[in-house]
Structures are given as structure tokens and as C-alpha cells.
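Student: I would like to go through the local features of this model one at a time. Please give the cut-offs as we meet them.

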Amino acid sequence: MKDIRKIFIGLLLLGIATYFAACVKGDFDEPPVYIPKVDFNSNTTIAALKSSYKSLKQIEEDIIIQGIVVGNDESGNLFKKLIIQDSTAGIELALDKTNLYNEFKLGQRVFVKCKGMYIGDYNNLIQLGYLYEGSIGRLPEVFMSQHIFRDSLPGKVPEPQLTALTGLNTFLVSQLVKFENITFVDPGKEWAPQSADATNRSIVGTTMVVRTSKYANFASDLIPAGSGTVTGILSIFQNTYQLTIRDTSDLKNFGGTIPPPPTGGDGSKEDPYNVAQAVQMQNATPYVIGFVKGYIVGSVKAGVTSITSADDIDFSPPFTSATNVLVADEAGETNFMNCVVVNLPAGTSLRGDVNLQNNPDNKGKWLNVKGTLRSYFGIAGLRDFSGEADDYDFEGGGNGGGSGSGSGTQNDPYDVQSAVEKQNANPYVVGWVKGYIVGSVKKDITSISSADDIHFAPPFTSATNVLIADDKNETDYTKCVVVNLPAGKPLRSEVNLVDHPDNLGKWLKVTGTLRTYFGIAGLRDSNGGSEDFELEDGGGSGGEDYLFVEDFKKDLGTFSTYSVDGDQVWEWADFDGGCTKMTGFVDGTHYVNEDWLISPQISLSGQTGVKMSFREAINHITSYNDLKVLVSTDFIGSGNPNTATWNEISGFTRAAGNSWTFFETNEVSLAVYEGQNIYIAFKYTCSSSASSTWEVGKVMLSANR
Amino acid sequence: MALLPFYVIYAQPLSSDDQQPGSVTGRVLESQIRQPLTSIIVSIEGRQVLTDHEGRFTISGLRLGPAEIVFSGAGFITKTLDIEVKAQTRLDDVFLIADLTETEKIPEINLEMIDMDDDAKAQNITGLLHSTGDVFLSFASYTFGQAWFRNRGYDAEFTPTYVGNSMINDAETGRTLWAIWGGLNDATRNSVSTNGLEPTNYSFGSIGGVSNIITRPSRQRVQTKFTYSVSNRSYTHRLMFIHSTGLMNNNWAVTVSGSRRWGNEGYIRGTFYDAWAYYLGLEKKFNDKHSLEFTAFAAPVKRGMQGGSVQEIYDLLGSNHYSPNWGFQNGEVRNSRVRTMNQPVMILNHYWKYNSNTDITTTVSYMFGKTGTTALNWYNSADPRPDYYRNLPSWFADTSVKNAVAETWRTNSAVSQINWDALYQANYLSLMEGKQARYIIEDRRNDMSNLNLNTVINHRVNENITINRGVELSNYTVSYFKTIDDLLGGEFWVDIDQFAERDFIGNDTIIQNDLDNPNRIVKEGDIFGYDYKLRQQVGKLWLSSVFSYRKIDFFVAAQLSSTTFWREGFMRNGRHPEKSLGESHKYNFIDYALKGGATYKFTGRLFLEGNMAYMTQAPFMRNAFVSPRTRHDVSPKLVSEKIFSSEASLHFRAPMVKARLTAYHTEFKDQNQILSFYHDDYRTLVNHIMYGINTTHQGIEFGGEAYMFYDLWLQAALNIGNYRYTNRPLATIAFDNGSRPDTTELAYLKNFFVFGTPQTAAALGIKWVGPGYLFVNASVNYFDDIYLSFNPERRSQGAIENLGEGDPRIAEITRQETLSGGYTVDVSVGKSFRIKRKYFLQLNLSANNLLNNKKISTGGYEQLRFDFQEKDVDKFPPRYFYMIGTNYFLNVAVRF
């Protein structure tokens, strides 16, 4: 009991002592809202300050200005600067501090004691700041408290000044301005790709650009289509006006739908960009240079300097200007937004051959021309033509401009007429040609000089060559191409008419060099492998009519890759006669990866019975879920594929997953996508704990003929 | 017969077949009130027993002839007697004098008070609780502690601590959690410790020695005591109370204790302290065979933490103790880094005397509760930390700007400390626009729970051989999550990762911390950011056998253990959606450990001891998971560490001179180290994983004391160490949000010094017991060979790329910085008064660092970033910690 008493007393004493000693601070008072107030007044308007500016100087007078913050760094589009504006003008404050917006909200009244600060201009943009390496720079943060004063809580932001595109003047610079009926040249593109610090975007009908920093939190948002109202801070760089939007809430009433990205070529002469692509790639950083092919639809009216309506263009004779033509993907196009203005430099054969003023018949013909994709007459343009005759072709003229078709790719081979026209070019044209087998050169003939030198019917005496033509019944050897069949190769063993007289009349698609053979048009130097040709009903890379084949023979071919995660990427390898390979396993370590191998757009328009198969090898498999074959109809052709919808193509029998042996899958029907344009993707994923190796060989899509 | 503690090896009367016929019995009493003393360690020729609750002891199996007997216990002056051992020696009562200068030897100043979250390995002072009277350990555990001395340079994980027979180390890091019994100094005073590889009978131990705090109420000193203390260290005031009944006639023993420690500011500005502690111990002796003990204690504490800073600011402000953690709010000091901890522990012990030669002790313990540390967080706002490098004068190139910034640092506390009022205003302005708070205080929680089950069997085979064996099972869970502690005037916060938002513009998925609840609005008290548990299950089976003969003692011990740990995530993280939610792979390690040693007794006064151990040890979770906040990933090479350790000691014990000289050599192989830090350059969190690290720790320890004259003893302690890295480990740098690919590189660390401890430490002191219970201790201490923790990235090929051979910058970049050591002087004085025969008033004052030397570095770390472009090592200077200046501790106690 004595112990209980002692314990009790002890606890009591401890409690009492603690009661008197409970002095450790608890919760803290919340400070009240601070309402800043200045006890002085401004004595100069911003307009007066700016108009007195001549050149960089330190302000020695007791100048005090005041203004309301109309632009700050909240979205990241403006950096280390505030734009303030009074009823007379606006000015940019260059301040060496980030996250200014936490203190200087839009609508915040600010007083600036200018004495001691510097005023200067950066390429004609007047700024108030400090000296930095002999030029105007930012006011160091430590001096801000002596110069920049907030007054009262943030209030209303001044209404932006409604301005016409034609009404721009330096007085408006650094003010909040608003433009109505603005149409952007590049709808659907990102405001500012991460590849450049900042990106200028053109507006139809003006040289003013919208400039956006890659650090803006809306940098990857897409430029809206249609027309709408745009608010922003007007700025100037040398003599170009620039508009800075503060965030996307500065864009209003844009209702247009963003056009789907065009499909088309790669800008080479053989596979030129189409016009829709050329419009999309305008004014990229750096500029895109390449061939664009389209139909000539008109030319800009004489005297017009900037196209703002269809009235500025001659879509029909009489054509009043010879300096340019408009090309479009449709021969009947009259919407200038779907056109590219091609500059025809004076003194070039391009102008002489193509201009509509002198050649009104050229309207409706196709033109394929190389230049730089940059704005012209305020809309999409193609400029800086080299003057080289090789740099353009047009229907019925230009450099060898013939009437043949095809671009020489496996998917779009030259026809025989085209192959005849492209003989012995400098450099030689190498490409795919497709035609019907019509015969072979007689044995012992070395040079064809008449139809007698050729067997157009059995018996055939030479296995070293076949003649192909666009017409199955062609007997005019000038409309034929002699295809060399190299000894010991499948091309010879499967195609030659001596062993296979049945091949007469079948189509043959083959790749080689277009140069003279037996004294007439020829196709030579083919490797002759099974991947180098296709023959109707068998032989080559399939006995079916392949809608699409990619064999990755020497590179990734028409496929592109996209790495969502991880350092490792799809790479070409020489297994299985060429394939593409992906693994996340390097030097004994597994690295997390998500990598896509994506086909070009494949049109299933008008196709029936479309089936797909492919060759693959898989080793160290983790899960087939990490090695998916996908199809999309809404992928835009580039960029992160995860932004599109992809459906898995199931039903393939897949490679076993534990060997390097290639395996050809069964065919899986893609009938549900018929009539649509699709992309096919091979999506590889792995973790840091395990990763498989996936090699994809030939990819084949067949269709009913 | 007396109820003996289970861990006493030789406490039994002689059996008939004993080869050594000598035995000694006696009683130990407190000198002033002649109260029997329990849990006093009595040793003869290396054999030890503890006194029972009546102060009695018996040691048998002794060689006949002259011998030395030593009595030691925490809080008492060690006493040594020369006796003649006979067949049945009965000693007169032995009186021990309470040493009032020793009352504060439970570490009060330690690194827990310092904010080390950013550092590689938060360090801790040696965990050795000394009560063995070893002079070196006595200095090492307290005097050297102020310089963050670690015994033999080992990490704390190699010096485990048991409380009430249950291991209390944090399973995630291996560190001893001193704070969980802070303020309960009297109740946790009794302990037994071993040094180095010496065997114990309650566990296999480790390479750095092991301690067990004796919680048993029947072993507590019978007393009622009030203590009041004043200090300028971490707290200002302390009140303590303890009442212990000893074993009462009804066979119950009760210990009750409580304390409060508080202060608005410690030695370092902004470090408030607010702690309570309570303790209850109950023991019931059922019969001579069975006793049951229940002990529960907790020490809830809330305190402001110190932060280190850069030398530039120390020099600018003229103080090496500037802390950037605090600032003024409404004119009051507020600390942004507040640690709150309340981890109660409950222990149930069953003591079973199976027969006269066998004791079985079974322990169940459970720890639970919560631990949290607050920190500032901010969203699209300026870094609010005053010493953020862009706020330092050195950041500015222009001299006038530099000077102006320096001036504001000197004169404006809104610049040199956290400007709380500005943070509130930013939140208010944001709220007016209906937007989220820009600045918040978050509470980063790591709530531990640990269930332990131990059984130990101590069996004496015969007079020469004892076998100890045991099973230890533990189930440990730590819950990591953070909550909003204070919105600072804002109304909500959005749970996205702002660094990912910046790295992946326009990607709304990857920025989510909780992908299943995207853009979640969180308010005060809500969990956000991350939420996961680390779980570990350990099972150990150990055996040791001690052989004791006239000329030689030796032992062998072995342990087999299984460790399984895994992560369980409760949020699907947007950066790692596939590997953040649910349970990770379970990592299992089977480890073994072997040790053995021998002591050869030249005479009763001179022993030579040699011990060796080889062990493998599963990696700690802290060094296994690369970034557990976001994902399951582990270090690329996750294997057990291998440790080889050996030591040789020469002991000399005479009435006037006592000394030990030890040489040690330990090799660690395949160590792992994971550093996570916010990389200001990449502006994102990165994880730096080093694996396959090898180090060697070798050195000599000396401790000794000699009687001079007039009750004056001269004491000396010395450690000369050489702790180095011995290979070039691989390092992988992983970006937490996956914004860049991982890179792996070689870290050129060969021959670098192990950091975070003085490798040389020495002390020379005197000890004097004057008339009328007046005690004086004084020592001069010396610390040297202190090295800065280094950034391995700076010791990679990339760091010196493009520098020509012989470029002086190469050495500048790669060399390891040596920190400043120095001398300190400590003095403590104590006096005891007897009042009305029954009450005792005890006074003691200890003052450390009387020379007020504020230049001794206690450590620091290089920032884990490096200016790869300009190769300027001064661009991101290291952060340093310094020993505090003169500090005191005044203690007044009344005991009855």
C-alpha cells in the first residue's frame, strides 16, 4: 500500500509540475491576409516613359509608374517577366525571379520606382530591367523590393484591346490585345514541340506569329482549327509582331475540327509529300525541304501580297501571275487552306514550263517539285526552288516527266512505261517495276533490233531474261523492259519461261536498276532473291497478291519506331534475311521499355479478304502480352502511339518463345478493317526484372484479287 | 533459493564433480543507505554473474588461490578487490558508491536530433550501453559520442540492442531506436553488454558487440526517485519519476516511471522539444520455477530538428550552428521539420528454471505506433528553403548583386530563414483565384510495427561447458505514407507530381501519384503522394557453446537465419503503373554466421583473447528498394553481405592498473547503398544505387586506468582506425520518374575513407572520489581523421571527362575532403547529501566542450549533384555539421 501511495504521489507531482510547465508552443496562429499599400504615387505614364526612350540607359530621374499586371509566368509561357499596363500603354518588366505569379497575379496593381533601373530594348521590344553584359537584362531579385511594389489585392484585369490584324502598331506592344476571326495555319499541331525552345505559329492573313515557349504548360496542346478569338500580349521582335497567349483560355470560340493527318510520301522525288502533308509541315524548325506533288489548281492574282480569301486567287483563266502556282491534292480544289503556293523563280525552266499565265493548259496537271516548306502569300508555301531541272517533274513535261505511274516502291512499283522512261538516268534509277511477262529474248541474241529477236510465244529458248510490259499482249519491244534473271537465284529458277512457260501472261514485280539491256530498256542488277520479286500465283515473296509486304531486307523499310520508355529501340538485324529486333536486355541488365514498331498507313480501301501474317522469333519470353500485334484506325502517323486507339490482332499462332528460330504465323483476317486506313504496330514492353527478345521478320497483308 | 536471472552463466553452487573447488559468495550493498543492490555485475577471471534482488551472488568452479573480483553496475563506481579463493569463500558485504557523474550516460545528445533525411546513411552514435566497467567503452559510448564516434567505424546495425531480451533495432535500417525509451533513464539503466565478437547467452550477437537492457522489475533497484534537470542541449527541462518495489513479500515486483522533457529551444535555434514517457513493469513470481514479467513503455516525443547548411552561410552569419529549418511566423519561431514519434513497446517475458542447470526464457514483444517527420512541399513555386543554392550570394556572378544578397542574409531574417508569412500570402492569393495551396507542410510517416518471439535455453552441461541456444522470430512492418499536416492558409492540394508534370508536358497519366484517383483533391489529414508498406519476416536459429578451463576459455557459436522482405503498394503510381500497386516479389535470403574465440590466461591478471567471425547478412530493405515510394524495383545486385571479422586483445587487471589493448580487422563485401535525392540539375528525384561495395575496417583500441594518489585515477582511451573502401563498386543512377534512362558506371572509390566517424579518437581523463561523496570527472578529448561523406557521381569517369591529364581540377573533383578535428574538455561534478537519514539529495553538473570549440566537424555530406559542364566543385558545396559549443546538464534528484 505504501508503494501505491508513493506511485500516486509521484504521478500527482509529475502531473502538477507538468501543468505549470506545459509551455511548449502548440499550433501557430495563421497570419492575416496582407493587403499591400504604397504610400506614394506615380508621376509618369508608361506611354511617356516609353516615348522618351532612345537607347539603353540607367534611369536617373525619380520616375514612378504604375500599372496592372496583364501577363505573368503562371503558365510558363512568359519567363521571368511581368507585363504591366496603364491606360496609356504597357511595358515589360524583366525580373530575375521565377514563379512571379505567386505574388503578382493578373489584375495586381504594381508601382515601379524606376530610378536606378535600366530601360532598354531587345530587338525593338522596350523593357524595364537591369544591366546585363552591356545590354538590357533582368532586375536581380535582391533589388526588387526597392523598385517593385504591389498595391492592394489583385483586381480586375483590363479588357483586352480589340485589334484588327491590319491595325498593328508599336503603341500596342506590351498590351493585352484581342483579335477576332483568327485562323491558324497549322491546326492540329502542337503549340511548341519540345525540340525547340520556342515555336512561332502563323496566322492566316498576317505576318504576326503566335510565339510559344516549350516550357508553357500548354506547349503540347494542339492548335485549334477553324476560326476564333485570340487574346494575348502583343510583342515585337525586330519588325515582326508576336503574340504571346497566356494560356489556352486566351483562345475562344474555335469550332473547327482538326483535320486528320495526311498520309503520303517521304519527300523524295520518287515518293513526294502530298499537299496536305506540305501544309502540315510548314515553317517547321528547321524548315522541311522536299518534293511536293499535287495538281496545279490556280495562281495568286497579280498585285495580291497576302491571301485572305478565295478572291485573291485565279482558279480559272485568265491567269494574271506567272510567279507562282497553287497546287492541291484534288485537281478541283478551291479552298486555299488546302493548297500550297509554289514560287516559280524568274529565269528558271520551272517558271517557263509551269506558269499558268503562259501555259493555261497546265491547270489540272500534276506537278512534283522540290523546295522549302515555308509560308508564302500568308498561306502554306513551297519556296527556294534550286533551279535544277532535276528538282521538278510535271505531267507531260519537266525532267523526263512522262505519263507512267508508280513511285518505284514495292507497294507502288513503276509501271513498265515509267520504267522505260527512267532508263539510264544519272544516277541510275533503282526501284520496283511491275508488268506482265510477255516473252523472252531469243537465245544467242545480243542486241534486240526487231521483234524477231524475241519469243513472244513458246517455245522459249533463253532462261536468262524475260520481257515485261504493261499490256499482256504487248509485242512492241519499245514498250517492254527486259528483266535480267541472275543465274542460280530464285528469280531465275521460278520465273524463266524455259522451265515455266506458264508464266507467260503472269505479272511480275521485281526490283533492280533501270538501265539498258539487250540494247533496249532493261532492268538489271537484281539480287534475284525471293524477297526481290513477286510473281503472280507464286514465286517471290508470295503467291498471292500482296496488298502490303515489308521484309526489312536492309533496314526498317517503311516502318517507323517510337520509344515510349527505355533506352533500347527497335533495330534492324540481318537474321532471317533481314528483320527488326527489340530487347530490353543489355549487358546483363533488364531495362524497362515500351517500344513500338509501326507500319506506314495501309489503305484497305476497296480490298476484300484482307489477311495478315508475319514472321517472328521470340526468345526468353516474358509473356505474349508484352509482344502485342495491334491495329489502329485513328493513329495520326507519328508521335506517341498511346494517344491513338489500338486493338490487338488476336488469332496468330505465335513463335514458341524460347528459341532464335524464325516462325511464320498463320494468316489472320483483318476483314473488319476493310475500307479503312490502318496502321499495324508491334508493341514491345518489358520490365526491369525480365525482358524478352522479339525479332519480327517479313510482314505480309494479302487480299483477294 | 534465490531467483536467478536466466542469463547468468555461473550462479549455481558447486556440484560434486567440479574440477575447480573454489567458490565465492557475498552480498552487494549501496554505500549510503546500505540497501541491497541488484543487477550488479560480479566477475572473477572473466566469469560473470549478476546479483539477485537481495544483492547476493555466488560464483563457483573457481581455481583456488589469489584472484581479483570486480563489481560494476551502471551508475556505480566500479570496485575491484583482491581476494583469496578458498573452497567456500564468504566475503564481507561489498559497498558500492553511486557515481553521480555517470547519471547521464544514456545518450541524450545524438544524431536523432539532427535532420539527416537528405543524407546517405543517417548516422548514429555507438549503441553500446556500457556497464562492464571497460574504460574504452565508457569513453566511446558517451564522451566520443558528441563527435559522432562509431565504434570501429561500424554502422549501428552491427551493434544490436535488446530491450527485455527482445531486439529493438529498426528492421528496415538496422539502427537502434534510442528514442523509443528516451526519458526513461532510470528504468532502462541496467544492462549487460559485450564488446566486439565476445559471446553472449541471449543471442548470437554481431561483430560490434551487443547490449541487453534488463527490464525485469525484480531486478530494478528498490527506490523512489524524483529528478529535475536543466540543460541547454536538446531540451531545457526534464522531470523524472521512478518507483521500484523490488520483489515484495507477495512475490510481486512493480516498477513505475514517467518523465517529461520540454524546451522551446535547444542549443540550436528553432529546435523545440516536447516529450513524455511512461513505463510500467510488473513481475509475478509464481514459484521457484516460474516467473512472468510484463513491461510496457512509450516515449511520445515531438521536436524540431536541426538542419545542416553550407560553409558559405556559416561564415556569412558567423555561426557553424545555423539551421535553415525554421523561420518566423507572426513573430514566433516555427520549425518546418518536426518529428513526432510515439512507438509504444509491450514485452512479456516468461522465466522458467527448468532444472538447476537449465533456464528457459521466452519473450514476446510488440511495438506499434507512429513516427512522422514534417517537411515543406511546394507546387510551381520558388523553393522556400532559405539556403537553396540559388538564394546564396555565391550563386550571383555580379559583385554588387552578390554583396547585396549577402547583406540581406545578414540583416533580414525573412531572407536567412523560412519566410512563413510569405508562404501564407502566396496561398491566400492562390486561394482567391480558387486554386490550390502553393506551399504546404506534409507529414512523412513511417509507422513501424514489430512482433518478436524469442526463446532462449541456457544449459550448463557441467562446470566447464555451457550451451546456449535460441530461436528468434520477427514480423516487421513499416507503413510509409504522407499526409497533409498544414495547408498554410490554403484549402486544398492536388495529388500530382510536379516534377513529372514538368518533364512530361501534356501527359495527364504519368503525373498522377494515385492513378486510380487522378487529380485527387487532398486536404489536411489526407494521405497523398505515396502509400506503401515494407514487410520483413526473419527467423533465426542460433547456438553457442562456452568452454571454460583453468588456463583457457573458448567458445564457438553459429547462427542460421532466413530473411524475407517485400513491398506492398497501395497506390498505382502514374510513373510506374505496372509495378507500384500490390505486393512485389518476395526476396528471400538464407544466411549463416559462425564465430569462435579463445582467452588464454597467463595469470589471474593477464589474459590474451582472440576471436574470429564469418557471417553473411541479408541486405537491409533500406538498401534494397531503389525507390519504394514509387515502385517495386530493387537494386540490380541484391545479395547478402559477407563479413569477416577478427580481433585480438590483451587484458591486464590489477588493483591499481586496468587496461585493455585490442587490434581488430573486419572486411565487408557486397554492401549495397541507395541514395535518393532531389537532383536540382535534372530537377527530378533520382536514385543512386551502389552495389558490390567492399570496405575494410582495421585499427587498435586502448582503454586503461591507473590509480595515482588520494583516490585519484588517471584514465585513457584511444582508438586509431583505418576504415577504407577497397574496391570500385558499380553505381546505377535511376531517374525516379523514368524521364531518362538508367545509367550504370564505375565508382572510383578504392582507398576512400569510411565517413561519418572520427577514425582517431582519444581521451585522457581523471576520476576522483572525494570525501563526503564528492565526485569529479574530467577529460581532454581529441578527435581526428574525420571524412566527409562523398558523392560517388563525382568519382566517376563522367565527372572528369574532357579534362586533360594532369589538370589540377581532376584532383579537386575526385579527392575526399578531410574534416577538421580538434580538442574538447569535459568536466562533471557530483555530490550526494543525506537528509534525515532517509532522504538523499543528489546534485550533479556535467559540462561538455568547455573550450567552446565550435569548429570540430561532426560530419556532413557532399551534395549529390555535380556541375558536369563547368567542373566547378564549389558550385554545389557540401553541407556540414559541427559539434555544439559549451553545453551543460544540471541534475537534482531526491531519492528515498
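Student: How many of the nine residues of helix H1 of chain B are buried?

Tutor: This is a predicted model, so local features need pLDDT of at least 70 and side-chain atom pairs count only at pLDDT 80 or more, while totals for chains, interfaces and linings use all residues. Residues are numbered from 1 along each chain as its sequence is written, chains are lettered from A and ligands numbered from 1 in the order in which they are written, and side-chain values use heavy atoms, with hydrogens and water left out. Buried means under 20% relative accessible area, exposed over 50% and partly exposed in between (1.4 Å probe, protein chains only). For H1(B), residues 135-143, the count of buried residues is nine.

Student: Which residue has a side-chain oxygen that reaches the backbone nitrogen of Phe136(B) at the start of H1(B)?

Tutor: Helices (H or I, at least four residues) and strands (E, at least two) are DSSP runs, numbered from the N terminus. Phe136(B) is among the buried residues of H1(B). The side-chain oxygen within 3.0 Å of its backbone nitrogen belongs to Asp134(B).

Student: Which residues are linked with Asp134(B) in a network of salt bridges?

Tutor: Side chains of opposite charge can pair when their charged atoms come close. A salt bridge is a side-chain nitrogen of Lys or Arg within 4 Å of a carboxyl oxygen of Asp or Glu. In the network, Asp134(B) is linked with Arg152(B), Glu647(B), Arg660(B) and Glu701(B).

Student: How many residues apart are Glu616(A) and Arg654(A), which form a salt bridge?

Tutor: The closest N and O atoms of Glu616(A) and Arg654(A) are 2.9 Å apart. Glu616(A) lies in strand E41 (residues 611-619) of chain A, and Arg654(A) in the loop between strands E43 (647-648) and E44 (663-664), so the pair ties together parts separated in sequence. Glu616(A) counts as buried because its relative accessibility is 0%, and Arg654(A) is buried at 18%. The separation in sequence is 38 residues.

Student: What is the relative accessible area of Tyr710(B), a residue with positive phi?

Tutor: Phi of Tyr710(B) is near 45 degrees, in a residue other than glycine. Tyr710(B) sits in the loop between strand E38 (684-709) and strand E39 (712-725) of chain B. Tyr710(B) is exposed because its relative accessible area is 71%.

Student: What is omega of the peptide bond that joins Pro458(A) and Pro459(A)?

Tutor: Pro459(A) is in the loop between strand E27 (454-455) and strand E28 (465-469) of chain A. The peptide bond joining Pro458(A) and Pro459(A) is cis, and omega is about -5 degrees.

Note on methods:
A polar contact is a pair of N or O atoms within 3.5 Å; within protein, one must be able to donate a hydrogen and the other to accept it, and residues adjacent in sequence count only if both atoms are side-chain atoms.
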